[in-house]
Amino acid sequence: MAEGLIRILLICDDEALSAGLMDHLVRFGLGAVFLQASGSAGIEALKENHFDVAIAKLDLPEVTPVELVKALKKANPSVTIIGLAEGLEPAQEKELMRWGVYDFIRKPVDTDKLFFLLEKGAQFHAALAANLKLVEGLKECNIALEKQNT
């Protein structure tokens, strides 16, 4: 990404997959990558730190895919979520996208697609964050105008 490094949160309990993804992401210098091996740890990391993109393995044992996506979006509404999915039905993918998944990648990971999604996802995150900031500013202005008119 031309503006700077992408802050990536990788939530994955598969050590081999995590190591491979970390290697690719670090080697190609896309940004800073932080690994969490469980859904709960990933959610906490997202609450405490700023990330542009979260790559989340969706078949974690402790949480359903929908619960994970909802919790990630609650922790940071502007984070872009890329789901690492295996064996999801199209209806499940559609539901997950409705809850906030930007797109999906599958094993074996197509690194060209992953890098494309990371760059576009970071751009989407920046636009969404700016939009949320604008909405909050408009709400504050509206409140101030309502006070003036009363």
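Q: What is the relative accessibility of Glu-136?
A: This is a predicted model, in which local features need pLDDT of at least 70 and side-chain atom pairs count only at pLDDT 80 or more, while totals for chains, interfaces and linings use all residues. Residues are numbered from 1 along each chain as its sequence is written, and side-chain values use heavy atoms, with hydrogens and water left out. Glu-136 counts as partly exposed, the class between buried (under 20% relative accessible area) and exposed (over 50%), with a 1.4 Å probe and protein chains only. The relative accessibility of Glu-136 is 42%.

Q: Which residue forms a salt bridge with Glu-136?
A: A salt bridge is a side-chain nitrogen of Lys or Arg within 4 Å of a carboxyl oxygen of Asp or Glu. Here the closest N and O atoms are 3.7 Å apart. The partner of Glu-136 is Lys-139.

Q: How many residues apart in sequence are the parts tied together by Asp-14 and Lys-107?
A: The side chains of Asp-14 and Lys-107 meet in a salt bridge, 3.8 Å from N to O. Asp-14 lies in the loop between β1 (6–11) and α1 (15–27), and Lys-107 in the loop between β5 (101–105) and α5 (111–148). The parts that the pair ties together are therefore separated in sequence by 93 residues.

Q: At roughly what angle do the axes of α2 and α3 cross?
A: Axes are lines fitted to C-alpha atoms, for helices over the stretch in contact, and angles run from 0 to 180 degrees between N-to-C directions. The axes of α2 (residues 39–48) and α3 (residues 65–75) come within 8 Å. They cross at roughly 15 degrees.

Q: Which residues of α3 make the contact with α2?
A: Contact means heavy atoms within 4.5 Å. From α2, the contact is made by Gly-39, Gly-42, Ile-43, Leu-46 and Lys-47. From α3, the residues are Leu-68, Ala-71, Leu-72 and Ala-75.

Note on methods
Helices (H or I, at least four residues) and strands (E, at least two) are DSSP runs, numbered from the N terminus.
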